[in-house]
Amino acid sequence: MEGNKSQDSGIGEMEELPVPHNIKISNITCDSFKISWEMDAKSKDRITHYFIDLNKKENKNSNKFKHKDVPTKLVAKAVPLPMTVRGHWFLSPRTEYTVAVQTASKQVDGDYVVSEWSEIIEFCTADYSKVHLTQLLEKAEVIAGRMLKFSVFYRNQHKEYFDYIREHHGNAMQPSIKDNSGSHGSPISGKLEGIFFSCSTEFNTGKPPQDSPYGRYRFEVAAEKLFNPNTNLYFGDFYCMYTAYHYVILVIAPVGSPGDDFCKQRLPQLNSKDNKFLTCTEEDGMLVYHHAQDVILEVIYTDPVDLSLGTVAEITGHQLMSLSTANAKKDPSCKTCNISVGR
């Protein structure tokens, strides 16, 4: 955004100091970036510091009275460019920021002489990396609890959904883009295509609960149809919605599929036979399945699923809308499911 100037710092200006221009942002992660710029050679040797003005880009819907959670100015010693900005602010992942720079010369009395501000540049921080997701994974493992046996994956929807699948998609449920529920920095939100399934069971019956927030009709499919030695399992997210219970998102992708390729680059892979959340093991020549008891698993399957692989029937319980996680925002203050970087 050439020509836009950042707010004047209120510190004395002196024309001799060069104004940074042609600002470049590179090596962007979810909590750091590198910044460099060009400047005229005149008076360059007088520069002792850089002032960097960083702000979250204003959202039209943001609360104008809320305190800004990002300090706006960083005073940094003049170092060779590009300069890494990390840890000076609590940068949030997948968030748009504006940045401007000025050069400064510290005087004997401690005051600064500064250049004019540069133009304002916009950039967006990155998603969580595998390193950050592994930190989330380790936190989720702590509360996953003991493993319970299960035998089916299930998906609740309205009757109209299943009618539409039969009529317009040749009986096959199609993957769709995951919504923005969960961690703000999750690399699967708004990007990964898949079909949501549940596998939770009631403690006393060992069967799926009869209630659901997502619709009165349920597709049930034998676990081995979706999760077997020909699929890979990935950890996707760990979050809560201001509640005592927590959700873990897992991704099942057929080996070599586009979904598998997507996940392999971005998500920690789990050992399907030995992990704290969802396992597929062999006993007496049969595949046996277990899920974690103390977290609610949301399983994303990345390929189409034909309704002929299972059954569709109406549930006898209630539709509990309050338990829906559609576009649900993660509680940023929960110490159980947040990591120190971003939100």
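**Close-up 1. Pairing of strands β9 and β19.** Strand β9 and strand β19 (residues 286–292) run antiparallel and are joined by four bridges. The structure shown here and in the following views is a predicted model. Within this pairing, Leu148 has His291 of β19 as its bridge partner. Strands of a sheet pair through backbone hydrogen bonds, in either a parallel or an antiparallel arrangement.

**Close-up 2. The open sheet β9-β19-β18.** Three strands, in the order β9-β19-β18, make up an open sheet with antiparallel pairing. Its edge strands are β9 (147–150) and β18 (278–283), each of which pairs on one side only. On average, neighbouring strands of this sheet are turned by 35° against each other, direction ignored.

**Close-up 3. Surroundings of Thr279.** Thr279 has its place in strand β18. The relative accessibility of Thr279 is 7%, and the residue therefore counts as buried. When neighbours within four places in sequence are left aside, Thr279 is in contact with Met147, Phe227, Ser272, Lys273, Asp274, Val288, Tyr289 and His290.

**Close-up 4. Helix α1 and its buried face.** Helix α1 (residues 130–143) comprises 14 residues, which at 1.5 Å a residue should span 20 Å; the end C-alpha atoms are 20 Å apart, in agreement with this expectation. The buried residues of α1 are His132, Leu133, Leu136, Leu137 and Ala140. Seen down the helix axis, the buried residues of α1 fall within an arc of 145°, and they therefore line one face of the helix. An α-helix has 3.6 residues a turn, so residues three or four places apart point the same way. On the other side of α1, Val131 and Val142 are exposed.

**Close-up 5. Packing partners of α1 and the residue that follows the helix.** The elements against which the buried residues of α1 pack are β15 (231–239), β16 (247–254), α4 (258–266) and β17 (269–270). Just after α1, Gly145 adopts a positive phi of about 80°.

Close-up 6. In strand β6 (residues 96–106), nine of the 11 residues are buried, so the strand is largely enclosed by the rest of the structure. Eight bridges connect β3 and β6 in the antiparallel sense, and His49 stands opposite Ala104 in β6. Strand β8 (residues 121–124) also pairs with β6 in the antiparallel sense, over four bridges. In β8, Glu122 stands opposite Thr98. In a regular strand the side chains alternate between the two faces of the sheet.

**Close-up 7. The hairpin of β6 and β7.** Three bridges link β6 to strand β7 (residues 112–114), and the pairing is antiparallel. Lys106 stands opposite Tyr112 in β7. The hairpin has five residues between its strands, and Gly110 takes a positive phi near 95° there.

**Close-up 8. Arg46 in the loop between β2 and β3.** Arg46 lies in the loop that connects β2 (32–38) with β3 (49–56). With a relative accessibility of 28%, Arg46 counts as partly exposed. Arg46 and Val113 are separated by 67 residues in sequence, and their C-alpha atoms are 10.0 Å apart in space.

Conventions. Residues numbered from 1 in each chain as written. Predicted model: local features only at pLDDT ≥ 70, side-chain atom pairs only at ≥ 80, totals over all residues. Heavy atoms only, no water. Helix = DSSP H or I, 4+ residues; strand = E, 2+ residues; numbered from the N terminus. Expected span 1.5 Å × (residues − 1). Buried < 20%, exposed > 50% of the residue type's maximum accessible area, 1.4 Å probe, protein only. Arc of directions from axis to C-beta. Contact = heavy atoms within 4.5 Å. Pairing = 2+ DSSP bridges. Axes fitted to C-alpha atoms, helices over the stretch in contact; angles between N-to-C directions.
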